[in-house]
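The sequence and structure are shown first.

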Amino acid sequence: MAHPILAHYDALLVDLDGTVFEGSHPIDGAAEGLAHHDVIYVTNNASRSPEQVAEHLTSIGFATSADQVLTSAMAACDMARAELGLAEQDPSSHGEVKAYVIGNDSFKELARRAGFSIVDSADDEPAVVLQGHSPDNDWKRLSEGALAIRRGARYIASNLDTTLPSERGLLVGNGSMVAAVTSATGVRPSSAGKPGPAMFHVAADKLGSTKPLVVGDRLDTDIAGGNAAGFDTLCTVTGVSSHWDVLTCTPEHRPTFIAANMRDHLTGWSASAEGTTVQVRSGEHGPTAVMAAEALAVVAPVVWELIDHGGVDAQSLNDLTINGADEAAQAAVEGWRK
C-alpha cells in the first residue's frame, strides 16, 4: 500500500538513484508507492539513454517505457538548441552544428537526435561542449572539451551533482568532473538538470498533470528543483540527504513532506518546542527507520521555525536539544543519520 500522501496528487515526478533503486536493488517501499500512479522518472544521471533506464527499471520489477523517463542529457540537448538559437527549427535542418560530448555513447545519440553533428576533437571547432556522467570520462575527454571551451564553444552540463549514489556508497558524480574542466578553463557551464525547474515542468506537461508531487532523496537537487518548479515535494530518507541534513537545510531546500520511503507511514507522532528544547512524542510504533522518519517529519517544521526566528543556529544546531518523550521517540531520534 502506498504512503497516504501520494493519493492527493495526480502524478508523481520521481528521482531514481537513491529513491527508487540503489544499483540493482529496489528501494524498500518504492514498488508499493509507485503502483497505480502516473509516473515520470526525472533523473540527473546522463550515463544511460531513456531506453536503457526503462530496461533497467523493468528488470528490477518496475515496468517502464522509455517515454516515462526524462534524463538530464535530454534536457541538456534541448538547452543547447535554445542557447544556439535552434530551438524553433526542426532538428533535421541543422545537422551541421557541431557538438563535442564528454559522456556516454547514449548522450551522443541523443545529441544526434537533437540535430547536432558529433565531433571527436576540439580541432573540429564544435559550437557546444556537452558533459554528462560516464565512467569512461578521462583526462583525454576532459582536455578536448577544455580546449574547445577555451576556443569559444558553449559549455553545457547535464547536471552538477558532485556525488552519485551506489550500493557501495557515494561515487564521484558529474559535478566533480565538471569542476576539473571549470578549473582548467575558468568557465562555469549552464546546467540543464536538477535543481533547475525546467525538467519538472516538462515532465508534468508530458503527463498533463496539474497537481504533481516531486519525490526524491536529495535536498539540493530533487527537492530544490521541485520547489523551484512550484510543486509540492516529498523527501524520502533513503539516499544522499540525511535526517540531520533535512533539519539544517536552507528554506529553498525544505521539502513539503518527509517519509521513510514511498510506502510506510505511522500516525500519531508529534513534536513541540519550549525555548530551544524540542520534545518528540511517539504515535504508532514500527521499524526504527520508519519511526525515525516520522519523528523527523514532525520535528523539522518546529526546528525550521526556530531557525527562521533566530533562536537556533542553522549551521550547527548547537543551541538545540531534541528529546524523546518516551522510549520509542528517543530510539527514533537516536536513529537519525548525520
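The sections below treat the basis of the model, helix packing, the cavity and local backbone geometry.

## Basis of the description

The model is predicted, so local features need pLDDT of at least 70 and side-chain atom pairs count only at pLDDT 80 or more, while totals for chains, interfaces and linings use all residues. Residues are numbered from 1 along each chain as its sequence is written, and side-chain values use heavy atoms, with hydrogens and water left out.

Helices (H or I, at least four residues) and strands (E, at least two) are DSSP runs numbered from the N terminus.

## Helix packing

Two packed helices are described by the angle between their axes and the distance between the axes. Axes here are lines fitted to C-alpha atoms, for helices over the stretch in contact, with angles from 0 to 180 degrees between N-to-C directions.

Helix α5 (residues 139–150) and helix α6 (residues 174–185) have axes that come within 9 Å and cross at roughly 45 degrees. That angle makes α5 oblique to α6 (under 35 degrees counts as roughly parallel, over 145 as roughly antiparallel, 65 to 115 as roughly perpendicular and the rest as oblique). In contact (heavy atoms within 4.5 Å) are Leu142, Ala146, Ile149 and Arg150 of α5 with Met177, Ala180, Val181, Ala184 and Thr185 of α6. These residues divide into 7 nonpolar, 1 polar and 1 charged (Ala, Val, Leu, Ile, Met, Phe, Trp, Tyr, Cys and Pro count as nonpolar, Asp, Glu, Lys and Arg as charged, and the others, Gly among them, as polar).

For helix α3 (residues 72–83) and helix α4 (residues 105–113), the axes come within 9 Å and cross at roughly 35 degrees, again in a right-handed sense. Ala73, Met74, Ala76 and Cys77 of α3 meet Phe107, Leu110 and Ala111 of α4; this contact has 7 nonpolar, no polar and no charged residues.

The axes of helix α10 (residues 288–308) and helix α11 (residues 327–334) come within 8 Å and cross at roughly 90 degrees; α10 and α11 are therefore roughly perpendicular to each other. Thr288, Met291, Ala292 and Ala295 of α10 make the contact with Ala328, Ala331 and Ala332 of α11, giving 6 nonpolar, 1 polar and no charged residues.

## The cavity

A cavity is a set of points, on a 1 Å grid over the protein atoms alone, where a 1.4 Å probe fits but cannot get out; lining residues have an atom within 4 Å of a point. Grid points are joined across faces, edges and corners, and a volume is the space filled by probe spheres set on the points.

The count comes to 1 cavity of 30 Å³ or more, and the largest cavity holds about 170 Å³. It is lined by 19 residues, of which Asp17, Asn44, Asp161, Leu164 and Pro165 are the closest to its centre. Elements that give two or more residues to this lining are β10 (163–166) and α8 (219–228), and β10 gives the most, with 3 residues. By class, the lining has 3 nonpolar, 9 polar and 7 charged residues.

## Local backbone geometry

Lys194 and Pro195 are joined by a cis peptide bond, with omega about 15 degrees. Pro195 lies in the loop between β12 (190–191) and α7 (198–207).

His36, although not a glycine, has a positive phi of about 70 degrees. The loop that holds His36 runs between α1 (30–34) and β4 (39–43).

Technical notes:
1 Å grid on protein atoms, 1.4 Å probe; cavity = no way out; pocket = protein on both sides within 12 Å on 5 of 7 lines; lining within 4 Å. Left-handed = near helix turned anticlockwise from the far one by under 90°.
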